[in-house]
Amino acid sequence: MTELLISAAILTAENEKRQRTLDEDYQALGSQLARRGIDIEKIAAEVARFAVAIPSWGVGTGGTRFARFPGKGEPRGIEEKLDDCSVIQQLTRSTPTVSLHIPWDRPKDAKALKAHAAARGLGFDAMNSNTFQDQKGQALSYKYGSLSHTDAATRQQAVDHNIECIEIGEALGSKALSVWIGDGSNFPGQQHFTRAFERYLEACGKIYKRLPDDWRLMLEHKMFEPAFYSTVIQDWGSNYLAAQELGPKAWCLVDLGHHAPNTNIEMIVARLIQFKKLGGFHFNDSKYGDDDLDTGAINPYQLFLVFNELVDAASRKAPGFEPGYMLDQSHNVTDPIESLMTSAMEVVRAYAQALLIDRKALEGYQQENDALMAAQTLKRAYTTDVAPLLAMVRQRAGGAIDPVATYRAAGYRAQVAEARPADPNAGGSGIV
Ligand SMILES: [Mn+2]
């Protein structure tokens, strides 16, 4: 029996306030889509199956390199992080798994943690290793790199840490390890590009060797930061080369914030799908760099265009296409639960909109080189207000018609603020 943290009475009362309007809007949208030859119930069934994972570090207030301004009632450990994640899942019904970060979330007892998550209706997504900062008591420093460090013992320490992440993940039921390293250089000449990449590949090979057969190694590229001149896995090209070198269990992970401004990310996605290396996503939004803003907050059209590629690949059953979806954001000025619920809904919205694209018509316009109508075909799907569809799917699955309003009405933040006295060290920084 799942223990839900938002009371059923409040959820029901909040939904009842909105049910009639929703029924009307859903019916109107259904009629509109029917005129376009689309069965709303078929789209609703697809949307109901969609899931995006929550990063454990997302439920704490993030920060910048200048400061962190903690919020009230922040989770003080992994169990409380899971509690907050369960609220997001209870109300949105699209986030059934949580992605852990080691050592921030290292469990004292993995079996007990798995049981705690299951009691809250949650499972575990990819494990995330951390060799971009030093931990208390750590023998060797990552100041000058980890998996690509010039010193073999430091590289081995980073390999051992990643293997520990796999072992914890095995106990929790995870099936993937995501690896992002901060390795790189801050000055021209500081690092030999080729040797650093060779060292990285050799170290990653050791992790790969320990990876269970039904697991995926997800490699995450990032253009810059904390290394500001060069980064070892700086873009999708290096990422693809690494995944190719390592073998079939290695995949490329695309974090939307890890590219130069105005990069055509949807095209990168298409390339990785074509060459069977698209492992998954870290969703967030960006204005200038790796801003880690809420997904869809800045450029929802880009998100839609990414999903256009994903739905296209699924519709033609592209071989090897089975990406994992996760949010990866840093919440500085909002309640993290509200941001994560809103972002999960934005991801589902982009997916639902992409399902509405008339692919046959689009293909025809592409074949005839009718640029205007091809672009309009995408716009027609994008400008369709699918909000009633998303709300109906949530409500039917036991979630909230309006998750943020329901969350506020339930007073969850005030309750946990009392139960969890402020701890300045709590929560992750959400910087990857
Ligand atoms: Mn990321």
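This section describes the overall dimensions of a predicted model and the arrangement of its sheet.

The secondary structure of the chain amounts to 15 helices and 10 strands. The radius of gyration is 22 Å, in agreement with the value near 22 Å that a compact globule of 432 residues would have. Along the principal axes, the C-alpha trace spans about 65 × 60 × 40 Å. Buried residues account for 46% of the 432 in the chain. Of the contacts between residues at least 6 apart in sequence, 81% join residues at least 24 apart.

Eight strands form an open sheet with parallel pairing, in the order 1-2-3-4-6-8-9-10. Its edges are strand 1 (54–55) and strand 10, each of which pairs on one side only. Helix 10 (residues 336–355) packs on this sheet and touches strand 1, strand 9 and strand 10. The direction of helix 10 makes about 145° with that of strand 10.

Within the sheet, strand 8 (residues 250–255) runs parallel to strand 9, to which four bridges join it; here Cys252 stands opposite Leu278 of strand 9. Strand 9 (residues 278–283) is in turn joined by four bridges to strand 10, again in parallel, and Phe283 lies opposite Leu327 in strand 10. Together with helix 9 (residues 300–315), strands 9 and 10 make a right-handed β-α-β unit.

How values were computed. Residues numbered from 1 in each chain as written. Predicted model: local features only at pLDDT ≥ 70, side-chain atom pairs only at ≥ 80, totals over all residues. Helix = DSSP H or I, 4+ residues; strand = E, 2+ residues; numbered from the N terminus. Rg over C-alpha atoms; globule rule 2.2 N^0.38 Å. Buried ≥ 20, exposed ≤ 12 C-beta atoms within 10 Å, placed from the backbone. Contact = placed C-beta atoms within 7 Å. Pairing = 2+ DSSP bridges. Right-handed = clockwise from strand over helix to strand, strands pointing away. Axes fitted to C-alpha atoms, helices over the stretch in contact; angles between N-to-C directions.
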